Amino acid sequence: MASMREIKRRKATIESTGQITQAMKLVSTAKLQRAKGKVESSKPYFSHMYDAVNSILAKSGNISHPYLQAAQGGKKAFIVVTSNRGLAGGYNNNVVKLLTKGNIPKEDILVYAVGRKGRDTLKRYGYEIKEDYSDVMNGPMFSDAAQIGRAVLEAFANQEVSEIYIAYTVFKNTITQIPTLMRLLPVEIKEEETKNSNADLAIMNYEPEAEEALDMIIPKYVNSLIYGALTEAVASENGARMQAMDSASNNAEEMIADLALKYNRARQASITQELTEIVAGASAIE
Amino acid sequence: MADNNLFHVQVVSPDRVFFEEDIEMLEIKTTEGEIGVLAGHIPLTSIIAPGVVRFIVNGESKEAALHDGFLEILPDRVMILAESCEWPDEIDMNRAREAKNRAERRLKGSEGEINEARAEMALRKALLRLELGEKYHN
């Protein structure tokens with residue numbers, strides 16, 4: 001059995017770690033509240049943009065436009081949204097897994113990293129990091145999203161990449177976050193939605209011409225999806241960290257209880273032993 | 001049917017729902033020029049140019065600065081997706097003045113073509129803010 005001193009020291013260590021995780025949990029709870037508010041206020045734009053683009057594309061019939069057609073071959077751009085800090089449970093790893101466990105070979109992937117953790121892990125696995133926007137995660141703004149959007153669209157226009165994806169974590173609620181891979185370009189139109197809007201089929205007019213208008217609308221669409229993904233990722237990060245820290249605090253408490261029991265037993269054992277020694281010593285003298 | 005004169009307008013920007021009401025008439029500047037929209041307009045999608053947008057309800061008009069985005073017009077509703085928009089009382093005059101000077105300086109210096117386009121856009125936004133701001137702040 002470990003000595004009393006050893007147990008006591010170990011207990012103290014776990015206690016102070018428990019204090020840290022407890023504090024981190026409170027911090028991420030507060031941050032989560034703020035991030036949640038931001039997600040909620042950006043959601044209308046995000047969803048209206050999605051609806052608007054879908055209805056425009058559904059109403060306008062078969063427009064041929066580079067943004068809508070899948071080009072053959074070429075590399076694929078992946079915007080990978082992770083966090084700058086660790087201690088968030090599986091949060092970062094789950095996003096990275098979308099790439100490593102996906103069926104797209106690593107040679108075809110160009111990574112646009114947002115978040116230091118994902119960037120470092122992917123670099124270690126040998127992915128090509130094209131661009132790094134990790135500072136954005138400290139407080140994403142729409143202009144940041146626009147900057148990333150501009151970079152990927154430029155690569156798309158130069159035919160450096162044929163498809164653009166974004167890997168991020170959807171914030172469903174405080175305890176559920178879902179790592180998701182979404183294709184930004186070429187735009188996918190959902191089948192059912194196309195059918196629904198066929199009912200009130202009114203031909204959409206464009207001013208300027210359809211092609212020119214889509215030239216301007218699609219980048220805005222991409223930017224807004226990136227912005228939405230960034231705000232959701234921040235909320236997810238804090239949600240994941242809150243949960244991770246919560247279970248860490250619980251584990252610490254459990255261990256402390258266990259150690260306290262061991263400590264008391266050791267104490268009792270040592271007292272008993274001392275007593276036996278004293279009694280034995282006294283009887284030897286007699 | 002008085003209701004037929006009204007149509008629903010929604011202006012949404014990335015961080016909030018900016019405006020949502022039933023109105024009589026909408027005046028807005030697009031890349032092709034200024035347009036006025038009444039209820040029953042043909043479906044139209046257009047790109048917004050920096051300009052003043054007017055919402056007219058009961059003969060009263062509300063103005064706001066609208067910088068970037070696009071709009072989708074349907075017979076009974078209009079959806080404006082704006083990347084940035086402000087009410088006159090939200091405009092920071094000093095910041096707009098600074099932005100104007102900065103953009104002007106950039107246009108004088110000869111940088112790349114893309115930068116020039118961006119500086120010009122920034123200048124137009126700054127001028128719009130100043131114009132609308134001066135009208136209301138005094």
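Modeller: Domain bounds, as used here, come from an automatic or database domain assignment. The structure is a predicted model, and in chain A the assignment gives domain 1 (4-24 + 244-285) and domain 2 (42-243).

Colleague: How many Å separate the centres of domain 1 and domain 2 of chain A?

Modeller: Taken over C-alpha atoms, the centres of these two domains of chain A are 52 Å apart. Contact between them involves 5 residues of domain 1 and 7 residues of domain 2. On the domain 1 side, helix H6 (residues 210-285) of chain A supplies the largest share, 4 residues. By class, that side of domain 1 has 3 nonpolar, 1 polar and 1 charged residues.

Colleague: Let us turn to a pair of helices. At roughly what angle do the axes of helix H2 and helix H3 of chain A cross?

Modeller: Helix H2 (residues 91-100) and helix H3 (residues 116-125) of chain A have axes that come within 10 Å and cross at roughly 40 degrees. Angles under 35 degrees count as roughly parallel, and 65 to 115 as roughly perpendicular; H2(A) and H3(A) are therefore oblique to each other.

Colleague: Is the crossing of H2(A) and H3(A) left-handed or right-handed?

Modeller: H2(A) and H3(A) form a right-handed crossing.

Colleague: Which residues of H2(A) and H3(A) meet?

Modeller: H2(A) brings A:Asn92, A:Val95, A:Val96, A:Leu99 and A:Thr100 to the contact, while H3(A) brings A:Lys117, A:Gly118, A:Thr121, A:Leu122 and A:Tyr125. Sorted by class, this helix contact has 5 nonpolar, 4 polar and 1 charged residues.

Colleague: The two chains remain to be discussed. How is the size of an interface often given?

Modeller: In general, the size of an interface is often given as the accessible area lost when the parts come together.

Colleague: How many bridges join strand S6 of chain A to S5(B), and in which direction do the strands run?

Modeller: Strand S6 (residues 205-207) of chain A is joined to S5(B) by 3 bridges, and the two strands run parallel. Within this pairing, A:Tyr206 stands opposite B:Thr45 in S5(B).

Conventions. Residues are numbered from 1 along each chain as its sequence is written. Chains are lettered from A and ligands numbered from 1 in the order in which they are written. This is a predicted model: local features need pLDDT of at least 70, side-chain atom pairs count only at pLDDT 80 or more; totals for chains, interfaces and linings use all residues. Axes are lines fitted to C-alpha atoms, for helices over the stretch in contact, and angles run from 0 to 180 degrees between N-to-C directions. Angles under 35 degrees count as roughly parallel, over 145 as roughly antiparallel, 65 to 115 as roughly perpendicular and the rest as oblique. A crossing is left-handed if the near helix is turned anticlockwise from the far one by less than a right angle, and right-handed if clockwise. Two residues are in contact if their C-beta atoms, placed from the backbone, lie within 7 Å. Ala, Val, Leu, Ile, Met, Phe, Trp, Tyr, Cys and Pro count as nonpolar, Asp, Glu, Lys and Arg as charged, and the others, Gly among them, as polar. Two strands pair if DSSP finds at least two bridges between them.
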